[in-house]
Amino acid sequence: GAARATRVAALRAALGECDTWDSKYQAFEKALRHYFHGEPWPPEDGARFFPKLRTLRDAIRAYEEQLTSRDAFFERMLPAILRAADDPRAPSEFDAPGAHTTLPRSHVTSWLSNAFLLNAPRGSALDWLGGGSDPIYVSGARIAPQKLMMLLAYFDALAENADVGGDIQIERARCAPAAQPPVSLAGRSTCAIDLRAGSAEAHEAADATALVVNASATGLGGGALRGSTADDEEVALLCFCEAIACTPLLAAPLADDEAYVLRGLRRTAFAAGSAHQLRFDRRAAGTEPPCTLVAIDAARVPGCAQFAAPNIDRELRKLSAALEALRGGGVVVSGLWGSGGYGGAQPVLRLLLLALGAARAGVALRVVVPSAPATDRWFAGVLAELRARNQEPHALRQLLDEAPQTPKMLEVPAFASYAIRAMRGGAKRERPP
């Protein structure tokens, strides 16, 4: 409100007295730390300036170098950020969301701009200096500046085109009751899945109209962006930065049959590389289709317990909630949802769960799998059997129910071999009543 406008005006006034890039940056950082974030001013006016937000400074410089424009940030991008941050129509506080929430895009832009200026509640999901461990503005991680360059791409696009019309919709989707199946499974095959192995990640698909991510990631779980994390889900948020501004509304735990659906997101950046090789690639052209981000919290069930029927049921309810919301065509892209970082999740199991969930929902799904010589042929073999046998959902579910719950099944070759053998033998089984 009034305090926000006062802080923005003070920053504008301070910048007006500067004539070099270094002096502008010094005034900018001081404003962020002292005007907005509330850090006490040094005891003496003439105290030597020490750049605390060096990660942010390095990202700004690197982004300008990529643009071959030394003053792009202070001349174009920061004025657009200040205008959006000072939008009197945007509420300063977040209302508790219901099952369906519609947000004006201008409000989302204002929240993201204020987060960039550190004008966000301390300790919140949008506090990038004091929220959580390893805050991104001061992180020493090598990939932290690359992640901030993806944020800068959003503001670069905002400076070029200030049109922030339209809405973003947030939905807590629920799967249909088991007694009321949403579609007939008769004759439906689980082979409507396009498996792509390579160096690209799911978030790199420029033609995606929907992207499946893990809601247990830092951002979607309500935490602030961190410098050292490199999960695919957080990178997806940085490709669609508007989703970051929505994260305070996504902190409530999901039920076992719920998923978050964010519709109408604009892509503003592309990233390349995986994990700690992540790098900012380029700003989006602006011609990419609007995207729906579907966030599902995968179960943290390591070891053999992941093969148990209750866990399989839970994951399929989650997938049903998410994928049923995506009917109607388009390009739906997913990685191996929930396969990383959970103490040994079986990636072939995740692939089969995605195939079964897509078949039940009637959605064609593109699954992107990182290429690895030791596993490529096993993924390809499983998918070949799905297609060759025209496997029906009930048969695939039976395969999962009968999977041996032994440590050997945690290995990709062992589980893939079991799945292939079961599908080949399953053709002789009688369909259950």
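Me: Are phenylalanine 28 and phenylalanine 73 buried or exposed?
Reply: The model is a predicted one. A residue counts as buried under 20% relative accessible area and as exposed over 50%. By that criterion, both phenylalanine 28 and phenylalanine 73 are buried.

Me: Which geometry do the rings of phenylalanine 28 and phenylalanine 73 adopt?
Reply: The structure holds 16 aromatic pairs. In the pair of phenylalanine 28 and phenylalanine 73, the ring centres are 5.3 Å apart and the planes lie at 70 degrees. Planes over 60 degrees apart count as edge-to-face, so this pair is edge-to-face.

Me: How many residues apart in sequence are the parts that phenylalanine 28 and phenylalanine 73 tie together?
Reply: Phenylalanine 28 belongs to helix H2 (residues 21-36), and phenylalanine 73 belongs to helix H4 (residues 72-85). Both residues also belong to one aromatic cluster, whose members include Trp21, Tyr25 and Phe74. The pair therefore ties together parts whose separation in sequence is 45 residues.

Me: Which type of pair do phenylalanine 307 and phenylalanine 415 form?
Reply: Phenylalanine 307 lies in the loop between strand S8 (291-296) and helix H9 (309-324), and phenylalanine 415 in helix H13 (residues 412-426), so the pair ties together parts 108 residues apart in sequence. Phenylalanine 307 is buried at 2% relative accessibility, and phenylalanine 415 is buried at 0%. The ring centres are 5.4 Å apart with planes at 15 degrees, so the pair is stacked.

Me: Over the ring of which residue does the charged end of arginine 282 sit?
Reply: The criterion requires CZ of Arg to be within 6 Å of the ring centre and within 35 degrees of the ring normal. The charged end of arginine 282 sits 3.9 Å from the centre of the ring in question, that of phenylalanine 270.

Me: What is the phi of leucine 118?
Reply: Most residues other than glycine have a negative phi. Leucine 118 lies in the loop between helix H5 (105-116) and H6, and is buried with a relative accessible area of 1%. Its phi is positive, with a value near 65 degrees.

Me: How many disulfides does the count come to?
Reply: A disulfide requires two cysteine sulfur atoms within 2.5 Å. Cysteine 18 is buried at 18% relative accessible area, and cysteine 175 is buried at 14%. By the distance rule, the number of disulfides comes to 0.

Me: What percentage of the residues in the chain is buried?
Reply: The chain has 13 helices and 10 strands. Among its contacts with a separation of 6 or more, 78% involve residues 24 or more positions apart. Of the 433 residues in the chain, the buried share is 53%.

Conventions:
Residues numbered from 1 in each chain as written. Predicted model: local features only at pLDDT ≥ 70, side-chain atom pairs only at ≥ 80, totals over all residues. Heavy atoms only, no water. Buried < 20%, exposed > 50% of the residue type's maximum accessible area, 1.4 Å probe, protein only. Phe/Tyr/Trp six-rings, centres within 6.5 Å; stacked < 30°, edge-to-face > 60°. Helix = DSSP H or I, 4+ residues; strand = E, 2+ residues; numbered from the N terminus. Contact = heavy atoms within 4.5 Å.
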